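Subject: Structure handover

Hello,

Here is the structure for you to look at. My notes on it follow below.

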Amino acid sequence: MRHLKLVHSTEAAPAMSVKIAFASADRKTVDQHFGAAEAFVIYELSENDARLIEAVQFHDSDVAMDGHEGKLAAKIALLGDCAAVYCNAVGGSAIKQLLAAGVQPMKVPEGTPVDELLCGLNQAMLSDPPVWMAKRLKTAAADRFEAMDAEGWSE
C-alpha cells in the first residue's frame, strides 16, 4: 500500500469539518467497487472548503476479489475517521463493517465526479446535512468543547 498524507498547515483545522472518502483510481471520479478499490482519496470538507488530505493506493494482491474478508479490515481501518465513503458498489459484509466503524457507505454511478459530490455535500452541510453527516458534525463539536474544557477554557 502507498499512502500519501498531506501535512497540515499551522492553521487550526476548521471547527466543523468531516472527512469523506472516495473509491477512485483516477482521483477525479468515483470509479471503484469498495472491496476491489485500487485507491481512495480522502477530503476534509468544511463549511466553505474541501481539501484533499490523503491519497492511498493498494497493491494488486490487496484488491483481488477472491472472497477473503480479511482484506476489508485494512480498508475499513484506513477510513475509520471518515464520515462516509463513496463507491460504485459495496457488498453486504463490507456495509456491516463500515457501519460498525461509523462510516456511511454511499453508492453512486460509475464516473460520478468527486468535485460534484463535494459541492453537493458542501451545500448540504450549510443547509440540511444528511443524518450521517449531522451525527459526525455533532460529535466533532462535542469533542472540541471537551478539549476546550480540558484546557481550562471558560466563559
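In this predicted model, the side chain of Lys-19 makes a polar contact with the side chain of Asp-81, at 2.7 Å. Lys-19 sits in strand β2. Its relative accessible area is 18%, so Lys-19 counts as buried, the cut-off being under 20%. Leaving aside neighbours within four places in sequence, Lys-19 is in contact with Ile-42, Tyr-43, Glu-44, Ile-53, Glu-54, Asp-81, Cys-82, Ala-83 and Ala-84.

Next, Val-18. Not counting residues up to four places away in sequence, Val-18 touches Tyr-43, Glu-44, Leu-45, Ala-83, Met-125, Met-133, Arg-136 and Leu-137.

Val-18 also belongs to the largest nonpolar core, which has 20 residues. Which members touch the most others there? They are Val-18, Ile-20, Phe-22, Tyr-86, Trp-132 and Met-133. At least two residues of this core come from each of β2 (17-23), β4 (39-46), β6, α4 (114-126) and α5 (131-150). The most come from α4, which gives 5 residues.

Now the strand pairing. Strands β6 (residues 84-87) and β7 (residues 104-107) run parallel and are joined by 4 bridges. Tyr-86 has Met-106 as its bridge partner in β7. With helix α3 (residues 92-100), β6 and β7 make a β-α-β unit, and the unit is right-handed.

Best regards

How values were computed
Residues numbered from 1 in each chain as written. Predicted model: local features only at pLDDT ≥ 70, side-chain atom pairs only at ≥ 80, totals over all residues. Heavy atoms only, no water. Pairing = 2+ DSSP bridges. Right-handed = clockwise from strand over helix to strand, strands pointing away. Core = buried A, V, L, I, M, F, W, Y, C linked by side-chain atoms within 4.5 Å. Buried < 20%, exposed > 50% of the residue type's maximum accessible area, 1.4 Å probe, protein only. Contact = heavy atoms within 4.5 Å. Polar contact = N/O pair within 3.5 Å; in protein donor to acceptor, adjacent residues only side chain to side chain.
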